Amino acid sequence: LGVMRQTILFGGLESIVRNANRKNPNLKFFEFGNTYAFHQDKRTEDSPIRAYRQNQHLGLWVTGKRVSGSWAHPDEDSSFYELKAYVQNVFLRVGLSAEKLVVKESGNNIFSKAIAYETRNGRVIAEAGILAQTVRKAFDIANEVFFADIDWTALTKAASKQEVVFSEVGKFPSVSRD
């Protein structure tokens, strides 16, 4: 897993377990890292290494309470919508608008419920959802875990096609006091 991992999920789950065992159940994590995939159809005798693909991924994990112990606000559990807002904010920060993406239900079996963000040509940029009970049970995690996997390589490629709009800074800045 440390050398050629296929998913970024398990490192975050290990961190969640470590923190939960130390009485810190309210967590929000992120991790940038490389993942590797094998594609049998791209393998050739001349170049067997072409069958392997390396992509950068951004993983987001949210679990526990969103707000706890505040005198001004009642305790509130984290939710899928909080994670979805984080994912959409990442898209906005890199300059990719939500209208350019197609949102579909994800068929990935690590999630009990999830959505997938795809480009118009069908490339999956991100998946976000609630981790399945079987995955949480394997790591002995009691709380719900919300996980998003963003393919950073695909995201930056899709965002690079967007036109950058800017306005020139004024030559004569406004004066509030004369």
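Which residues does Arg 136 touch, not counting residues up to four places away in sequence? They are Leu 131, Ile 141, Ala 142, Asn 143, Glu 144 and Val 145. Here a contact means heavy atoms within 4.5 Å.

## Basis

This is a predicted model, in which local features need pLDDT of at least 70 and side-chain atom pairs count only at pLDDT 80 or more, while totals for chains, interfaces and linings use all residues. Residues are numbered from 1 along each chain as its sequence is written, and side-chain values use heavy atoms, with hydrogens and water left out.

## A buried arginine

Arg 136 sits in helix α3. Helices (H or I, at least four residues) and strands (E, at least two) are DSSP runs, numbered from the N terminus. Arg 136 is buried but has no salt bridge. Buried means under 20% relative accessible area, exposed over 50%, and partly exposed in between (1.4 Å probe, protein chains only). A salt bridge needs a side-chain nitrogen of Lys or Arg within 4 Å of a carboxyl oxygen of Asp or Glu. The nearest side chain of opposite charge is Glu 144, 5.0 Å away. Lys and Arg count as positive, Asp and Glu as negative; His and the chain ends are not counted.

## One face of α4

Helix α4 spans residues 152-160. Its buried residues are Trp 152, Ala 154, Leu 155, Ala 158 and Ala 159. Seen down the axis of α4, they fall within an arc of 160 degrees, so they line one face of the helix. The arc is taken from the directions from the helix axis to the C-beta atoms. Cover for these buried residues includes β1, β2 (52-63), α2 (80-93), β7 (124-131) and β8.

Arg 93 belongs to α2. Arg 93 is exposed, at 77% relative accessible area. Arg 93 and Ala 159 are 66 residues apart in sequence, yet 9.9 Å apart in space, C-alpha to C-alpha.

## Two loops with positive phi

Most residues other than glycine have a negative phi. Lys 23 has a positive phi of about 60 degrees, although it is not a glycine. Lys 23 lies in the loop between α1 (9-21) and β1 (27-38). Its relative accessible area is 76%, so Lys 23 is exposed.

Asp 140 also has a positive phi of about 60 degrees and is not a glycine. Asp 140 lies in the loop between α3 (133-138) and β8 (145-151). Asp 140 counts as exposed, at 72% relative accessibility.
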